[in-house]
Number of protein chains: 2
Amino acid sequence: MSTLAVAMCLPAIFDVAVGNPDWQVFALSAALTMFIGVMLVLMTRGNVRNISIRQAFVLTTVVWVVIPCFAALPLAFADLQLSYTDAFFEAMSGLTTTGSTVMLGLDFTPPGILLWRALLQWLGGIGIIAMAIAILPLLQVGGMQLFRMESSDTSDKVMPRTVQIVTYISVPYLALTFLCAVLYWFGGMSGFDAITHAMTTIATCGFSTHDASLGYFDSAAIEVTATVFMVIGGMPFVLYLQALRGAPAGLIRDSQVRWFLAIVVVSVLCMWAYRVFGAEGADLGTFRAAAFNVVSVITGTGYATEDFSAWGPFAVSAMFFLMFVGGCAGSTTCGIKIFRFQVLYATAKNQMHRLLQPHGVFIPYYNRKPIPESVSESVMSFFFLYVLSFALIAVCLGLMGLDLLTAASGAATAISNVGPGLGPQIGPSGTFATLPDAAKWLLAFGMLLGRLELFTVLVLLVPAFWRK
Amino acid sequence: MSTLAVAMCLPAIFDVAVGNPDWQVFALSAALTMFIGVMLVLMTRGNVRNISIRQAFVLTTVVWVVIPCFAALPLAFADLQLSYTDAFFEAMSGLTTTGSTVMLGLDFTPPGILLWRALLQWLGGIGIIAMAIAILPLLQVGGMQLFRMESSDTSDKVMPRTVQIVTYISVPYLALTFLCAVLYWFGGMSGFDAITHAMTTIATCGFSTHDASLGYFDSAAIEVTATVFMVIGGMPFVLYLQALRGAPAGLIRDSQVRWFLAIVVVSVLCMWAYRVFGAEGADLGTFRAAAFNVVSVITGTGYATEDFSAWGPFAVSAMFFLMFVGGCAGSTTCGIKIFRFQVLYATAKNQMHRLLQPHGVFIPYYNRKPIPESVSESVMSFFFLYVLSFALIAVCLGLMGLDLLTAASGAATAISNVGPGLGPQIGPSGTFATLPDAAKWLLAFGMLLGRLELFTVLVLLVPAFWRK
């Protein structure tokens, strides 16, 4: 929270610089957040020595609920006509790198607010990477134990290790953000737009400073830059760290990266072929639009250049299911994630072979290593709970009066942290502002659920968790 | 096929009795089918001694492809303006107990054809029960090994056992059909309607003799009868056999039956509550309509009394996801089936406990017995392949020009063997006739896939299957 308070000073300083009265809003929010943050530090000082697994679960979930509560303050205090529900939704959407927005008229929104939204996503992005590397593998959540770095890791080392990892990872994260901003700037963006968009591109989030999203710039260079950096944001950041340390081969050898790139290429080509056969001509513009929008949905970024629902029924169906895919573990993306599909595929293939030879012994492989039974079971349970949570959220949204397309795509976009849904209301050209408040809270919960890989939240609902 | 030919004689005789020229169509089809059937018997006589697992897979799939090819003949030959694609779709829909139809104007269709459609579903129903008891557990398909009767069963006993089981099961199957027909008759149906509807109720299929389905009769007694017998059709027929043999306690003790009834009751009450709060009044008529339509969707019957999409967005969302549920294993229903949800739930719960105590030993239970690791893995792979197949079929339907609602509900209704989909085109008040031919073949394939519990078909696509 202290970090968050410090982060709030950035838009405050920026607002002072451009002479915008919003700096008071940020200063007030920062003071409040810093006060409570420092109080908490003083209260617990010296007590954090080692934490149990249960405490780690509670702490992770509580952090991801409390931080958005405070991150929402500047949005609620500023003169934006946002209720606290709206502000919380926007903050949760930012920090979980979802990118669904309730704000319209971004082009006329004060720059401090726009910077704050971008900062939220950028900080959320690095927080997620750190969590995926340091915390989730230890908690053995949904097969993430595949990515344990040392088998001797125990939960009492979580806190110092997390800080250490954030420090390491921030090097490639900062470098890539800077590179992306420079390229955007060369592509014709203003300095402010370049920095804010670079922040939300590398964190695959999707907040923009314009209502028309990246379509506003209508520039091939910017779209290509965005496409490339969204793909980069969808790959494991640990591999970039390794590459910086002189071992770039990992990037090519990693089977998760290969599958991810293969899925991206195949999806883009299919979408392009569909548009070409739909008599739109095989020009580069169609290809660029197909690549940009498909990558935006797969990585859960949620930028848009045009409303792809106008491309035809196949585009809508395909985009709907692509929402669930996500990127690699250890990236800023959400969704089911590539490695889980690999584990599911390997297990299902294995199953087929076992059907043919009931007494044979078959072992599924991931990244040239056998998959432990516990991992494949964990991944399969994750998949079941993912589909179940999606269905329950969609049905509840239906109960709140949303039609099936809006409810289903809203549930999918929340739990997979994509951003816009489908249909006229919450599609790429709509906003979430018109939804009832209850739906906004439910969607915010869905974002949290997806971001924390389900188990981290759901385990708190198990009665055994609270027994001694 | 010889059985099928004999079955074709029934509508032929009936048509002769009522003086309808269609009897020639049936006689011709029966002769053709019988000719090829007898040829096959003569060709393979004495050779069927024991069959390997691979042969069992091929045989099961081939039977379920060839039989609809011939069962479609009367529909294609008769004067119904049906293409062979339409006729095959209708026959596959009938034999797999799906109940999707391409025929309009049922009220003016010759009775022989109507009887034939009901017969197809009735024969399909008993075939499915026999398959679920005798063949699938041996093939260990999708967790069906849970229902192996004797652990000493081997595949070379498949053929005689199947015949034996059909004989046993036909006793409760015939008795229930008769009882249902009598109740329908008391409810005010004509003798012909009572018999055909009883056949399609107990087999949870949903073909009717009227375009308005059961709504045509507008009778509380008939709807209640249908609701009760659809539920009966969704329970394991082995338990009825046991009850007839003097052990009815199994019906109450079986955890699958309990879950099934609980899910039905909860879904019906939710739907009713939604309609009551939707200011439609808490009268018995609303309850009856809710119960009837929810049960019709869960069991995959597909009868309709009214278009539930008019009930509001919650009804549409809920019905969409209920399509996947299905009934018990060993019944005539399709879908994911209750026991798989139980296994998935038990495994996921187990997983949560393991997260809290990484070194603890936890064992999931089904029906008071521990679930073998192979079963839970098999069920989870089934679930993954089910969702994947659904998504692929829906995307392909999108490619054929169907909008997302039609494509997604069409894929769901095919793979779960429900019957009608959602939306104006294929919903309860539409038909599948307007779909392009390619979509009909794909949906027929989806029905086959769902009916044979995925693995039986998908295993044929594994290259290792065809290697020596």
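Domain bounds are taken from an automatic or database domain assignment. On this basis chain A comprises domain 1 (1-49) and domain 2 (362-453), and the C-alpha centres of domain 1 of chain A and domain 2 of chain A are 32 Å apart. The structure is a predicted model, in which local features need pLDDT of at least 70 and side-chain atom pairs count only at pLDDT 80 or more, whereas totals for chains, interfaces and linings use all residues. Residues are numbered from 1 along each chain as its sequence is written, chains are lettered from A and ligands numbered from 1 in the order in which they are written, and side-chain values use heavy atoms, with hydrogens and water left out.

Aromatic pairs were assigned to rings of Phe, Tyr and Trp (its six-membered ring) with centres within 6.5 Å, planes under 30 degrees apart being stacked, over 60 edge-to-face and the rest tilted. Over all chains, the structure holds 52 aromatic pairs. One of them, between A:Trp272 and A:Phe287, is edge-to-face, at 5.1 Å centre to centre and 80 degrees between the planes. A:Trp272 lies in helix H12 (residues 255-280) of chain A and A:Phe287 in helix H13 (residues 284-298) of chain A, 15 residues apart; helices are DSSP runs (H or I, at least four residues), and strands (E, at least two) likewise, numbered from the N terminus. A:Trp272 is partly exposed at 24% relative accessibility, as is A:Phe287 at 30%, where buried means under 20% relative accessible area, exposed over 50% and partly exposed in between (1.4 Å probe, protein chains only). In chain B, B:Phe89 and B:Phe432 form a tilted pair, 5.5 Å centre to centre with 35 degrees between the planes. B:Phe89 is in helix H5 (residues 84-95) of chain B and B:Phe432 in the loop between helix H18 (423-426) and helix H19 (437-451) of chain B, so the pair ties together parts 343 residues apart in sequence. Both B:Phe89 and B:Phe432 are buried.

Charges also sit over rings, by the criterion that NZ of Lys or CZ of Arg is within 6 Å of the ring centre and within 35 degrees of the ring normal. The charged end of B:Arg275 is placed over the ring of B:Trp311, 4.1 Å from its centre, and that of B:Arg54 over the ring of B:Phe465, 5.9 Å from its centre.

Helix H14 (residues 313-322) of chain B is largely enclosed by the rest of the structure, because nine of its ten residues are buried. Among them are B:Phe314, B:Met319 and B:Leu322. In chain A, A:Asp86 of helix H5 (residues 84-95) is buried, with a relative accessible area of 11%. The side chain of A:Asp86 makes a polar contact with that of A:Lys440 (2.6 Å); such a contact is a pair of N or O atoms within 3.5 Å in which, within protein, one must be able to donate a hydrogen and the other to accept it, residues adjacent in sequence counting only if both atoms are side-chain atoms.
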